[in-house]
Amino acid sequence: MKEGDRDGEVADKWEVQLRKGCLELAILAALWGGKLYGLEILRRLESDSDLIVSEGTVYPLLSRLKTLGLVRSEWVESDSGHPRKYYALTAAGKHRAVEMAATWARFSSSMGKLLAPLGKGR
Amino acid sequence: MPMAIENDAQQLIDAYLKSLRTKLRGLNRDDINEIVEELRSHIQDKAASSGELTVAGVTAALAALGTPEALAREYATDALLARAEFSRSPLRVLDSLFRWASLSAAGFLVLVSTVAGYFLGGSFMWCAVLKLVHPHTAGLWLIPLSDGGFAVSLRMGFGSPPIDGRELLGWWILPLGLIGGCALVVLTTRFALWSARQYRRSHLLPQA
């Protein structure tokens with residue numbers, strides 16, 4: 001049995017799961033326009049979406065996406081004096097991003113229909 | 001003295017990464033180096049965004065990354081389990097489980113069950129093969145015990161048949177041992193991968 005059945009904790013856990021679930025698609029989407037390094041991905045996620053992203057989650061996830069063959073990485077020298085690790089989508093990554101985006105759109109529109117009455121009730 | 005401050009900041013980074021490196025043990029060396037160098041680059045960029053590398057900047061950047069323990073756990077478990085899920089070969093699965101077991105009690109339990117499953121599956125297949133070599137002694141035997149009970153024993157057929165023992169399957173051990181053994185190995189692999197997925201789902205949530 002899992003502890004923490006109080007409403008607040010359950011809601012928090014749900015939100016955490018939801019964010020975590022979206023993060024993979026968010027990262028793939030951030031890379032759609034071309035290669036970026038870790039900090040640029042984080043900034044893109046923060047500026048283009050309201051996703052509050054924990055840095056300690058994004059780097060391990062990037063490493064996992066690489067293991068899965070969805071992104072590839074390369075070290076590039078920079079003016080800052082140290083090299084940076086850039087990530088780019090692979091063909092499989094692009095394919096997966098398109099697939100996930102379509103699923104997202106379907107899911108979001110059906111949830112929208114279901115949730116519409118809740119908005120009016122306010 | 002800006003030089004001294006920069007050194008202090010550098011030392012903070014080094015100490016953090018050294019601690020992370022120790023906690024990442026279990027991953028292969030190249031992966032660890034990649035992770036550490038990427039994070040060093042990240043911390044330097046983040047901490048020096050205002051210009052110089054300052055102690056305050058580095059402290060903030062490290063706090064945003066979380067503790068080395070938490071970060072290492074995400075990396076290690078995520079990478080190992082992803083690799084295990086990727087490959088269905090029992091050897092790769094076991095290799096990943098051994099490393100997972102060194103990180104958590106759950107991993108250890110799954111490893112023990114998986115080893116037991118593979119061992120039993122392997123024994124049945126081996127017994128089926130050895131039946132061809134030892135037709136009279138290899139097989140599944142029912143052996144009377146001194147206290148009046150019985151023991152079921154899978155015998156490979158080396159040596160003489162057990163006293164008063166009765167062979168249960170005869171030549172059926174050949175197809176049944178092979179099919180049953182294979183099924184056990186496949187089921188065990190599925191169990192290990194399923195456990196790995198469950199564990200990842202329940203433990204690797206972001207620190208909200």
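This is a predicted model: local features need pLDDT of at least 70, side-chain atom pairs count only at pLDDT 80 or more; totals for chains, interfaces and linings use all residues.
I will take chain A to begin with. Chain A holds four helices and three strands. Going along from the N terminus, the elements of chain A come as α-β-α-α-β-β-α. Chain A has 122 residues, and 27% of them count as buried. If you take contacts in chain A between residues at least 6 apart in sequence, 47% join residues at least 24 apart.

Now the sheet. The three strands of chain A form an open sheet in the order 1-3-2, and the pairing is antiparallel. Strand 1 (36-37) and strand 2 (71-76) of chain A are the edge strands, each pairing on one side only. In general, strands of a sheet pair through backbone hydrogen bonds, in either the parallel or the antiparallel sense.

How many bridges join strand 2 of chain A to strand 3 of chain A? There are six, and these two strands run antiparallel. As an example from this pair, A:Trp75 has A:Lys85 in strand 3 of chain A as its bridge partner. On the other flank, strand 1 of chain A pairs with strand 3 of chain A over two bridges, also in the antiparallel sense. There, A:Leu36 has A:Tyr87 of strand 3 of chain A as its bridge partner.

Is strand 3 of chain A enclosed or open to the outside? Five of its six residues are buried, so strand 3 of chain A is largely enclosed by the rest of the structure. Helix 3 of chain A lies across strand 2 and strand 3 of chain A, and runs at about 115° to strand 2 of chain A.

One residue of helix 1 of chain A is worth a stop, namely A:Leu28. Why does A:Leu28 count as buried? Because 21 other C-beta atoms lie within 10 Å of it, and the cut-off for buried is 20 or more. Setting aside neighbours within four places in sequence, A:Leu28 is in contact with A:Leu70, A:Leu89, A:Gly93, A:Arg96, A:Ala97 and A:Met100. A:Leu28 and A:Ala88 are 60 residues apart along the chain, yet their C-alpha atoms are separated by 8.8 Å.

Next, the nonpolar cores. In soluble globular proteins, nonpolar side chains tend to be buried together. The largest nonpolar core in this model has 38 residues. Those with the most contacts inside this core are A:Ile27, A:Leu31, A:Val58, A:Leu62, A:Val71, B:Leu24 and B:Val58. Elements of both chains give two or more residues to the core: helix 1 (7-30), helix 2 (38-48), helix 3 (55-67) and strand 3 (84-89) of chain A, along with helix 1 (2-23), helix 2 (29-47), helix 3 (55-65) and helix 4 (68-86) of chain B. Helix 3 of chain A provides the largest share, five residues. Apart from this core lies another, of eight residues, including B:Val110, B:Leu111, B:Ala192 and B:Leu193.

To go back to one name on that list, what does A:Val71 touch beyond its neighbours within four places in sequence? A:Val71 is in contact with A:Leu31, A:Leu62, A:Leu65, A:Lys66, A:Tyr87, A:Ala88, A:Leu89, A:Thr90 and A:Gly93.

Now the contact between the two chains. It takes 22 residues from chain A and 23 residues from chain B. On the side of chain A that touches chain B, helix 1, helix 2, helix 3 and strand 3 of chain A each supply at least two residues. Helix 3 of chain A gives the most to that side, with eight residues. By class, that side of chain A has six nonpolar, nine polar and seven charged residues.

That leaves chain B. In helix 3 of chain B, the residues B:Gly57, B:Val58, B:Ala61, B:Leu62 and B:Leu65 are buried. Seen down the axis of helix 3 of chain B, the buried residues fall within an arc of 130°, so they line one face of the helix. B:Ala56 and B:Ala63, on the other side of this helix, are exposed. Just after helix 3 of chain B comes B:Gly66, with a positive phi of about 90°.

My last item is B:Asp164, in the loop between strand 2 (150-155) and strand 3 (166-167) of chain B. Phi of B:Asp164 is near 65°, a positive value in a residue other than glycine. Is B:Asp164 buried or exposed? B:Asp164 counts as exposed, because it has 8 C-beta neighbours inside 10 Å, and the cut-off for exposed is 12 or fewer.

How values were computed:
Residues are numbered from 1 along each chain as its sequence is written. Chains are lettered from A and ligands numbered from 1 in the order in which they are written. A nonpolar core is a set of buried Ala, Val, Leu, Ile, Met, Phe, Trp, Tyr and Cys residues joined through C-beta atoms within 7 Å. Two residues are in contact if their C-beta atoms, placed from the backbone, lie within 7 Å. Two strands pair if DSSP finds at least two bridges between them. Axes are lines fitted to C-alpha atoms, for helices over the stretch in contact, and angles run from 0 to 180 degrees between N-to-C directions. Ala, Val, Leu, Ile, Met, Phe, Trp, Tyr, Cys and Pro count as nonpolar, Asp, Glu, Lys and Arg as charged, and the others, Gly among them, as polar. The arc is that of the directions from the helix axis to the C-beta atoms.
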